[in-house]
Amino acid sequence: MPKAQLQYLTDELNNLREQKLYQKLRILQTEQLPVSTFDGREVINLSSNNYLGLTTHPRLRQRAIEATEKYGVGSGAVRTIAGTMSIHMELEEKIATFKHVEASVVFQSGFTANAGTVSAILGKEDVIISDALNHASIIDGCRLSRAEIKVFPHKDMTACEDVLKSLENHKGHKLLITDGVFSMDGDIAPLPQLVELAEKYGCIMMIDDAHSSGVLGRNGRGTVDHFQLHGRVDIQVGTLSKAIGALGGYVCATRDTIDFLYHRARPFLFSTSHPPSVAASCIAAFEVLDEEPQLIEKLWSNTRFFKAGLQKLGFDTGMSETPITPVMVGDAALAHEFSRQLFQNGVFAMGIGFPTVPKGKARIRTIVTATHTEDELKKALDIMSAVARQLSII
Ligand SMILES: *Cc1c(COP(=O)(O)O)cnc(C)c1O
């Protein structure tokens, strides 16, 4: 039965269809692998955040099974009531030691870590200074906090300082916040300059290292380690859902900041904690980062190989400096068509348009992993070249 009160949603979808922006979910029918089957078709997978192949690492799998057998499948409560298990505490200690910080708290996802933290530590009297390309979870956290939000153009340090100068007499707290690696462009934040500005103008400095954890810094310790800024970034967020291979997010900070989040971060207080299997897999993942640094080396050699290949073919890879490499197309309908034809020919690279990226900056986004072979990447380049020529993209 059509419902009149919901007709506007159907109209919106029809609009998307007309603009060729309607997208069906791709269904993964195998494990998350460098070559996987989606929608019945075997494709070279350039769309996963499984940077190090840990989603299927034998040690993570084994620990998940052991934890399930020992502790069951769920935690049964939120952390602040009865849902804090010893394995959750073990994971938080593991992360704090790995990141060389006093303490950490684990959230259900990177999204809730960002949104829950920003909204907990700031209020109406405060102000947030935020990079224009920061992740949606930061933006939502900023909005939930009800603080004033000042956005500076992407990585524009002069503009950022101008904003900070204009706030010199501001009475409330100031938060300077950035992604470590920007998720749609693959470029790295100018963290040394940001840290200096934060110190000069008395801001809390916060970084979201979702795409840098397991990728940048010694053994994947992230952007702070990459730039050797230990002790100078107040709050570091990371995800357990990308390179770490499982699910979750975490915040690293001083013991008191973490204690404060235990008392005030709403996803921590009002949403059930991780199943023990997830916590166990994450602990194993940090062991793997310490013991198998060759995975990160392979990730970067694959990244260099693939990026050089794309550039040699004449693709515009934008600002990328990391394994996230966009191939700029411009028009959103063309980006989606490029992605669709690539898929038909055996390469899965997602088309990305407005509102995820600004209008006119549509692209397909590629992510190589440590587990791709050079042969697979070569084959992907050949297919991309042929399809792009057909569509006059190169
Ligand atoms: C993916 C991502 C998140 C969210 O992490 P999840 O664990 O998937 O919720 C947060 N910030 C950035 C920059 C991301 O790319």
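This is a predicted model: local features need pLDDT of at least 70, side-chain atom pairs count only at pLDDT 80 or more; totals for chains, interfaces and linings use all residues.
In the grouping by class used here, Ala, Val, Leu, Ile, Met, Phe, Trp, Tyr, Cys and Pro count as nonpolar, Asp, Glu, Lys and Arg as charged, and the others, Gly among them, as polar.

View 1. By class, the shell has two nonpolar, 10 polar and three charged residues. Of the 15 residues around the ligand, those that come nearest are Gly110, Asp208, Thr239, Ser241 and Lys242. Helix α4, spanning residues 110-121, gives the most to this shell, contributing three residues.

View 2. Of the 380 Å² of accessible area that the ligand has on its own, the protein covers 86%.

**View 3. An open, antiparallel sheet of three strands in the order β10-β13-β12.** Because β10 (324-330) and β12 (350-352) stand at the edges with a single partner strand each, one side of each is left without a neighbour in the sheet. From one strand to the next, the twist averages 30 degrees.

**View 4. The pairing of β12 with β13, and the helices that pack on the sheet.** Strand β13 (residues 362-367) pairs with β12 in the antiparallel sense over three bridges, and Ile364 in β13 is the bridge partner of Gly351. Helix α13 (residues 332-344) packs on the sheet and touches β10, β12 and β13, its direction making about 35 degrees with that of β13. Helix α12 (residues 294-312) lies across β10 and β13, running at about 20 degrees to β10.

Methods
Residues are numbered from 1 along each chain as its sequence is written. Side-chain values use heavy atoms; hydrogens and water are left out. Two strands pair if DSSP finds at least two bridges between them. Helices (H or I, at least four residues) and strands (E, at least two) are DSSP runs, numbered from the N terminus. Axes are lines fitted to C-alpha atoms, for helices over the stretch in contact, and angles run from 0 to 180 degrees between N-to-C directions. Contact means heavy atoms within 4.5 Å. A residue is near a molecule or strand if one of its heavy atoms lies within 4 Å of it. Accessible areas come from the Shrake-Rupley method with a 1.4 Å probe; for residues, only the protein chains shown count as cover.
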